[in-house]
Amino acid sequence: MRIIFLGPPGAGKGTQSARLVEHLGIPHLSTGNLLRQAIRERTAAGALAEPYLASGQLAPDEIVLKLVGERLGRDDCAAGAMFDGFPRNLRQAESLDETLRECGRPIDLVLELKVDDADVIRRLAGRARSDDRPEVIAERLRSYWNQTRPLLDYYRKQGILCTIDGRGSPDEVFERIKEAVRTASGGSANGDRPG
Ligand code: AMP
């Protein structure tokens with residue numbers, strides 16, 4: 001299966017997508033992780049992206065799309081992938097659709113993890129990542145609201161959006177996610193597509 005995880009920073013996407021990739025046995029394609037890795041390894045892409053991550057703004061599409069393209073080209077992505085933190089804007093979504101259409105493997109399901117703004121801010125304040133300072137949090141929420149949220153309509157129109165209530169314990173939320181995946185995959189327990 002090819003699944004996209006959408007939701008504001010601090011909604012619990014990281015935790016839930018890690019559990020879901022383990023459950024489904026598909027690669028976890030997190031653009032935040034790919035960018036942080038590029039920065040750690042001091043690649044050219046990493047050097048270009050670093051100031052954006054530090055300030056909470058979206059990194060340039062060219063850099064992100066190149067990293068995603070490279071990752072999607074690896075053999076393990078033939079079976080499926082879980083996109084976490086990508087796409088973040090319409091241009092990335094359209095580019096992903098085009099890439100997947102070319103190889104005949106469209107997105108099966110888009111999961112929106114929905115939580116209140118107040119919860120997001122409270123959860124982010126409890127983390128210790130360097131981009132979790134208050135002014136950077138505010139910028140990351142702004143990017144989500146202005147650039148990423150419009151994707152909900154984009155995928156709703158495609159009929160593949162499923163909104164998950166992100167309140168409650170991680171186990172409760174994960175049960176809801178598994179149920180959505182089961183439904184989208186036609187009822188098989190591990191999300192394999194029938195036929
Ligand atoms: P994340 O780990 O998904 O919260 O991403 C951390 C930071 O990486 C974001 O605040 C952005 O600066 C950058 N980033 C991650 N994914 C993307 C993306 N798809 N497009 C642009 N910037 C991204």
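Predicted model: local features only at pLDDT ≥ 70, side-chain atom pairs only at ≥ 80, totals over all residues.
In helix H6 (residues 117–125), Asp-119, Val-120 and Leu-124 are buried. Seen down the axis of H6, these buried residues fall within an arc of 125 degrees, so they line one face of the helix. That arc is taken from the directions that run from the helix axis to the C-beta atoms. Ala-118, Arg-122 and Ala-125 are exposed on the other side of H6. An α-helix has 3.6 residues a turn, so residues three or four places apart point the same way.

Residues are numbered from 1 along each chain as its sequence is written, and side-chain values use heavy atoms, with hydrogens and water left out. Buried means under 20% relative accessible area, exposed means over 50%, and partly exposed lies in between (1.4 Å probe, protein chains only). Helices (H or I, at least four residues) and strands (E, at least two) are DSSP runs, numbered from the N terminus.

What do the buried residues of H6 pack against? Their partner is helix H7 (134–148), where contact means heavy atoms within 4.5 Å.

Now for the rings. The structure holds three aromatic pairs. Rings of Phe, Tyr and Trp (its six-membered ring) pair if their centres lie within 6.5 Å; planes under 30 degrees apart count as stacked, over 60 as edge-to-face and the rest as tilted. The rings of Phe-83 and Phe-86 have centres 6.2 Å apart and planes at 45 degrees, so this pair is tilted. Both Phe-83 and Phe-86 are buried. Tyr-144 and Trp-145 form an edge-to-face pair, with 6.4 Å from centre to centre and 80 degrees between the planes. Tyr-144 is buried at 6% relative accessible area, whereas Trp-145 is partly exposed at 37%.

The table gives some polar contacts, that is, pairs of N or O atoms within 3.5 Å.

| Residue | Residue atom | Ligand atom | Distance |
|---|---|---|---|
| Thr-31 | polar side-chain atom | nitrogen | 2.8 Å |
| Gly-85 | backbone N or O | nitrogen | 3.0 Å |
| Arg-88 | side-chain N or O | oxygen | 3.1 Å |

Taken alone the ligand exposes 480 Å², and the protein buries 95% of that.

Technical notes. Polar contact = N/O pair within 3.5 Å; in protein donor to acceptor, adjacent residues only side chain to side chain. Areas by Shrake-Rupley, 256 points an atom, 1.4 Å probe, with all protein chains shown as cover.
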